[in-house]
Amino acid sequence: WEKSTPLGCEDDVEIRKLNTPTTISLNELDSGIEFTKPNLISRRRLKEKEKVLSIKTKGGELKATAEHPIYLYKDDSVVLAEASKVREGDKLVSVISRNKYGKILADKDWFTGRKFKVQNGMFVHRFAQRNSLGIELEKLPIKWSSDLAWVLGYFYGDGSYNSPEYNGSHQLYFTTTEKKALNLLKARIKRVFGVEPKAYLVKNDRQYKVQCNSAIAALLSDLFPSINKKQRFDIPKEFAGDFLRGFFDADGNVHLRNIGKVKINGKEAVGHGVPRVKITLANKGLILWISELLGELGLKVKVKEGKAKLKEKYFKCFTILIGGRERVDRFAWKIGFDVDHKKFTLYKGLLSDSLQYNILKTSYSIILALHKENLDAPALKAMLNCSAYDVSTTLKRLVKMKIIKRKRLSPYSIPPNRVIYELDDKDYHFHALKSVYRHIGGEFYAAEIQNIEDVTNPDEFVYDISVSSESPNFITNGGVLVHNSTRAQILQILYNRGYLLGKSIEVTELGEQLSDILEKNVPDVISDKLTRHFEEMTESIQVQKATKEQVLDEAKKRIEKICNDFRKKEKKIGEELTNAVIATQDKQSKLGTCLKCSGTLKVHKNWRTGKRFVGCSGYPKGCRVGFPLPREGIITSTEKICEACKQPIIQVQRPASRPFRMCLDPTCVTKKDWLDKNRLKAAQIASRKSSKEAEQLKCECGKMFKTKRALTLHQKTHKPKEVKTTAKTNAKTK
C-alpha cells in the first residue's frame, strides 16, 4: 500500500495504482496457475457491525471479513464459502509456486529483426498461414524464468528437435507417458509463450507427443543453439534448480527402501521406507554435466558406469544415485519434483518414522514458526512441544545450512543478551509447506484450518487487490488462495474499457455516452433509487424485518424485468454504443493540423510490423507528412503547439512510468539532447547496407525482388531480348 500511487476515492474506498511484483492466481476457467500483474489496490474502514476473522493453518494465517468468499477443498473439489461459515478442520486451498525472473532473452526488436511478422496478436513466421500460432505479444519480452528453465530441463530429459534441413521448418517436441505430466508441460509452455502446444497420442496410444509451434521452436533454437545435440549451455545459477527439476521430472525417479529387514552395503539393517533419487542415462557427456550442476547446488554425487539390457542387447549406461537424509532433503529443497506421483513419494519418504529423519520434521516445524515471527529457543520449545536437545540440535543444523540466521539482542533486552532466530531462505519455507500440506495435484495443496478467532478492530483498514476477471484471486500468507472482492475489480474493468480516466477517477466522454444510452433505453440499470432500495432491504435482513428469501425473490423479478427490457432494445443499444466507441476512437486518434495541407494528423498503425506512426488525412491527395511514434504507451493530444517547430505536442503514458510530453517532429531543436549519435550512425550503416542488397536484387529489366530465389526464377523464365545487330550498328560500335 505504501509503495502504490494514489488515484482517488469512491464511496469512502481509497484506490491506488499498484507498483508491486507479480501475484500468483488461479484461473477459474481452465484451473491453471497464472502469474499476473494486478493494477489496483483499495482500502476502506470497517463498517459498523462488520467482523474480521483470523483463520490459522499450520503454515500461515488469513484475515478476512466475515462475508468474504474463501476457497475450500471439499469432496475432491474446490468450492467458495463465506469466512463466517468456515470451521476448524476444513481445508483451505493453497498454491505453492514460485516463478523467478532474470535477464531479457528476446524482446519485440529481436523478432522484428528476424523472419517474423505480427498476426492475430502474435509473432509468427513470415510465411505462416492465416490461422498459424506463434508467441503472444503480451508475453514479451521473453526472460529467463523458472518456467522456461523447467521447460528446457524437461526437453533435455525427454525432448527432440529437428532443424529446417529436414522439412523446411523448426520442430521441437516432448514425449511423456503420463497424463498429469502432459498437463504440467502444456501449462508451463503456455505461461512462458502464451500459446498452448498441440498434444496427441502415438505408439498405439501409449505415449503422448507434445509439439511446440514453429515460432517457439525457432526462438529456442536461436537462443540456445546447443539444444540441437543436447550439449551444455550456460544456465544462470538462480535457475539451475528449476532446470534440474524439469530434467528429473522427465527422466528421473524416486523410490522408497523396503520396510523391515533390508541389506545396506551387504550389512543387515531395519528399513523405514526412506527415499532415494535415481537417474540413468546412456549419454555420458550429459550425465557428467548434470552431476556438475548438482555439485553447484551442494549435492556432490558420483557417476557409476554399468550395463543395461534392451531387446536382448547390452549397452553402457551411467547412473547417479542420491541417498541419505541430508542429501535427499537438500535435493527436495533445491530441486524437487513437480510431477505428482514423484513428489508424493519423495515427501512420504522424508516424513518416514525413521529416528534419523525426526530432525527433518522438527526442522520443518521450526521454519513454519519462524516464518511468522523471530523467536528464541525456549519459545520454540514451548510452541513445538519438543525437548530442548531436539530444538538445539535442529537450530544448529539450520544455521549451518544458512537457512536461518542467529541474532543476539542487546544487554537491555528481556532477558538480556537473548539469542533469536530469523528465517533467511524462502525456498526452504516452500519446502516445509509441502511437507505439512496435503498435496491435491500440480501446484495445489490443502491446508487444514487449526484455529478461527474474531480479531475485529474498529480502527483497522480492509484491503483488496484487483486481479483479472478470469483469475479473481491471489495467494497470501502461507500460500493460501484468497478471493478478491468486486470493488477494485469493477473499477479496473471501467479503466480498461476507457470509461474512467486520471488520478481523480474522472469519467471519460465514452463513459458519459454509455450512461446516457443506458438511461435513455433501460433506466433501471443505472437507477440510484433501485440501488438504495436493495441496500435498505439487505439492512432489513440484519434486523430481521425481512427474510433472505423475500429479498432474493424480489431481486430476481427486478432483474428479469430489466433483462426483458434490454433484450427488446438490444439492437438499438448495440448500434448506439458502436457509434459512440467509433466516434471516441476517431477523436482520440486526432492529434492536430497538418502545416503543409491543413489536413488532420492522426495516429495510424502498421499491422504487419506493429509500429505506430502519425499520418496526414491528405495522403490520398499527395500529402506525405508523417512522424514516428513510440512503440509503447498511450498517446493523447495536449492541444498545444511546440514553439520551435510549430507541430502538435502529445503526451505519452508508458506502463509503470511517469508520462512525458514531446512534439511530433523528431528533428526539432527541443530534442537535440535526445539523439544518440552511435545509434544514428548504426541506422545509417544499416540503411546503406539495405540499399546495396536492394541493388543486388534488381534485374537487368529494372524489376525489383525481395529475395535472391525470386530474382533467379525471374531470370530463368524472362530472359532479356537479344538485339539484332546490323553492319551499320557494328560500325558505330567499333
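Colleague: Which residue forms a salt bridge with Asp424?

Modeller: A salt bridge is a side-chain nitrogen of Lys or Arg within 4 Å of a carboxyl oxygen of Asp or Glu. In this structure, Asp424 is bridged to Lys405, and their closest N and O atoms are 3.9 Å apart. The two residues come from distant parts of the chain, 19 residues apart: Lys405 belongs to strand 26 (residues 404-408), while Asp424 sits in the loop between strand 27 (419-423) and helix 13 (426-436). Helices (H or I, at least four residues) and strands (E, at least two) are DSSP runs, numbered from the N terminus.

Colleague: What kind of model is this, and how are its residues numbered?

Modeller: It is a predicted model, in which local features need pLDDT of at least 70 and side-chain atom pairs count only at pLDDT 80 or more, whereas totals for chains, interfaces and linings use all residues. Residues are numbered from 1 along each chain as its sequence is written, and side-chain values use heavy atoms, with hydrogens and water left out.

Colleague: How many salt bridges does the structure hold?

Modeller: There are 24 of them. One joins Asp242 to Lys100, with 3.3 Å between the closest N and O atoms. Asp242 lies in helix 6 (residues 240-251) and Lys100 in the loop between strand 10 (91-95) and strand 11 (101-106), so this pair ties together parts that are 142 residues apart in sequence. Asp242 is buried, with a relative accessible area of 4%, whereas Lys100 counts as partly exposed at 25%.

Colleague: Where does Arg188 lie, and where does Asp338?

Modeller: These two residues also form a salt bridge, the closest N and O atoms of Arg188 and Asp338 being 2.9 Å apart. Arg188 is found in helix 4 (residues 179-193), and Asp338, 150 residues apart from it, in the loop between helix 8 (325-334) and helix 9 (340-350). Both partners are buried: Arg188 has a relative accessible area of 3%, and Asp338 has 8%.

Colleague: Which residues touch the most other members of the largest nonpolar core?

Modeller: A nonpolar core is a set of buried Ala, Val, Leu, Ile, Met, Phe, Trp, Tyr and Cys residues joined through side-chain atoms within 4.5 Å. The largest one here has 101 residues, and Phe174, Phe193, Phe243, Phe248, Leu294 and Leu346 touch the most other members. Helix 2 (residues 146-158) is its greatest contributor, giving eight residues. A second, separate core has 19 residues, among them Ile55, Leu72, Val86 and Val467.

Colleague: With which residues is Leu346 in contact?

Modeller: Contact means heavy atoms within 4.5 Å. Apart from neighbours within four places in sequence, the contacts of Leu346 include Val254, Pro275, Val277, Phe331 and Phe337.

Colleague: In what order do the four strands of the open sheet stand?

Modeller: Two strands pair if DSSP finds at least two bridges between them. The order in this sheet is 16-17-19-18, with antiparallel pairing. Strand 16 (159-162) and strand 18 (198-202) are the edge strands, each pairing on one side only. From one strand to the next, the twist averages 25°. Five bridges join strand 18 to strand 19 (residues 207-211) in the antiparallel sense, and Ala199 stands opposite Val210 of strand 19.

Colleague: At what angle does helix 2 run to strand 17?

Modeller: Such angles run from 0 to 180 degrees between N-to-C directions, and the axes are lines fitted to C-alpha atoms, for helices over the stretch in contact. Helix 2 lies across strand 16 and strand 17 (171-176), and its angle to strand 17 is about 75°.

Colleague: How many residues of strand 24 are buried?

Modeller: The number is zero of the eight residues (303-310), so strand 24 lies largely in the open. Strand 24 pairs with strand 25 (residues 313-322) over eight bridges in the antiparallel sense, and Lys309 stands opposite Tyr314 in strand 25. Their hairpin has two residues between the strands, and Lys311 takes a positive phi near 55° there.

Methods. Buried means under 20% relative accessible area, exposed over 50%, partly exposed in between (1.4 Å probe, protein chains only).
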